[in-house]
Amino acid sequence: MSALEALHRATIDALAAQDEASAERKLGLWLAANGENAQVLHWRALLLRRLDRHGEALGLLRQAAAMAPQDSELARNHAQIALEAGLAADGLFEQALQLDPANVPIRLGLVSAYFSAGKGAQGLALLEAALSANPGWLEGHAQFAQLATLTGQPQRGVETLEAAIARFPDSLELRTQLLGILLLAGRHAETADQAEVALARLGDVPLLLVDRAAALDELGQWDAAAEMFARAGAPADVGHASWLIRHLLRHGDAKAALAMAEPWLTSEGAAQIWPYVSLAWRMLDDSQAEWLDRQPGLITTAELGEQVDLAALAACLRQIHARSGRFVDQSVRGGTQTDGPLFSRIEPEIVAVRQVIAAAMASHAQALPPIDEFHPQLALKRGQGTRFSGSWSVRLVDQGFHTSHHHPQGWFSAVFYVTVPDMLDGTEGQLQLGAPPPELGLDLAPYQSVAPKPGRLVIFPSTMWHATKPFSAGERMTIAFDTARPFGGDTA
């Protein structure tokens, strides 16, 4: 194995093992001793990106791109990291696409870059043309639906799928994609109707039965939903199980919901199941709900206002929100949510607040209760530093709020308040931790209500239901994020 091959292998291994810092130092020493090399600069930049050091990564990528202008993979990563950093990246993606016209990630990245640059219509046109030529491109259909919603045209979200199904009416993949997007968007009546059409054509396919059952359940047609679930049979995946557990809870059958949930608590998708287990235990007045959600240290607050220039941060975020919208599947009502990983951006205000928040999250992790191999949060190792699996900002205005939801991709989640309305009356704008989804009709009060305050950080388990109450007038702007589950620390 050559020296370069060894460095490449070290990079791959470090990314897989989340040991990027030591590998980045190793590559830096090699470059200092051997001079610039486009490949090594590229690999080092990928390590820096994973360490959320996007500014440094971009400096290396510019050097590498100048040395290897025909390297399409380098060009794609240069464009992607520039986009994540909050820079104009559409030109970089266009150059990368010229080098590799068939590359799907480059095409999707270009669409995102167009939206970021205020060219959403251009992104939609690009996707529409590609999907006309390749109607089976499921990822492209999903991106079209998302971009249509972000640009304020949610009614167009499934246009490309409807056109594809008209050409290929027997495609189960296209039909389930359509149903999935409609469900995410809360268009339950349309989901039920489209599922009925698909079942009439394709027969009792479990995926179609579950989607129709879920839609009927959300429409309040419990008996019809129960019939569909029965025809679908036992759950074969965590999504099916989640819908069925939700159905049982809505009917008030907490014991049956727990029995259905238990086999999935050791699966890869367990994070989708634990929030419903919490509700079932609470319905049964089972003390295990306290063990799951309310042990000391699981929910904490920190006042960080003196460490952050909130006025400068608010001004920076408003500029980002000016080109933001509403996603297909988000909980925001009456506001906008930023696109892309917020903490990857390189504006000084974002870099500064990220550092403050990362330190607060590390302190939170260190103060958690002892390791508990059966607990979804406490079974995991600590002391590996703070990693973010997602970060974004939400700007709510008059009567804005969040519906009750949870974050299955995170370990712990948090909200940091940047601005709040000048005058809040009573419970207006409060964060409600443990608030069940109202559509389930459960008589359960929130565990805790937290008043919004500029500079306040509220941390809670990602498996916990949470919502906010509307406020009458003004602006409420926050940064929200999930921390990543520690490496090598899956639950027992």
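**Exercise 1. Overall build**

Task: Work out how much of the protein is buried, and how its radius of gyration fits a compact globule.

Solution: 
- The model is a predicted one.
- Buried residues account for 52% of the 492 residues.
- A compact globule of 492 residues would have a radius of gyration near 23 Å. The protein has 24 Å, which agrees.
- Its C-alpha trace spans about 70 × 55 × 50 Å along the principal axes.
- The secondary structure comprises 20 helices and nine strands.
- Among contacts with a separation of 6 or more, 68% join residues 24 or more positions apart.

**Exercise 2. A helix pair**

Task: Determine how helices α2 and α3 are oriented to each other.

Solution: 
- Take α2 as residues 20–34 and α3 as residues 38–50.
- Their axes lie 9 Å apart, at an angle of about 150°.
- Angles over 145 degrees count as roughly antiparallel. Therefore α2 and α3 are roughly antiparallel.
- The crossing of the two helices is left-handed.
- On the α2 side, the contact residues include Trp30 and Leu31; on the α3 side, they include Trp43 and Arg44.
- By class, the residues of this contact are nine nonpolar, one polar and four charged.

**Exercise 3. One histidine**

Task: Decide whether His78 is buried or exposed, then list its contacts beyond sequence neighbours.

Solution: 
- His78 sits in helix α5, residues 72–84.
- Buried means under 20% relative accessible area. His78 has 11% relative accessibility, so His78 counts as buried.
- Setting aside neighbours within four places in sequence, His78 contacts Leu58, Leu61, Arg62, Ala65 and Leu92.

Technical notes:
Residues numbered from 1 in each chain as written. Predicted model: local features only at pLDDT ≥ 70, side-chain atom pairs only at ≥ 80, totals over all residues. Heavy atoms only, no water. Axes fitted to C-alpha atoms, helices over the stretch in contact; angles between N-to-C directions. Helix = DSSP H or I, 4+ residues; strand = E, 2+ residues; numbered from the N terminus. Parallel < 35°, antiparallel > 145°, perpendicular 65-115°, else oblique. Left-handed = near helix turned anticlockwise from the far one by under 90°. Contact = heavy atoms within 4.5 Å. Nonpolar A, V, L, I, M, F, W, Y, C, P; charged D, E, K, R; others polar. Buried < 20%, exposed > 50% of the residue type's maximum accessible area, 1.4 Å probe, protein only. Rg over C-alpha atoms; globule rule 2.2 N^0.38 Å.
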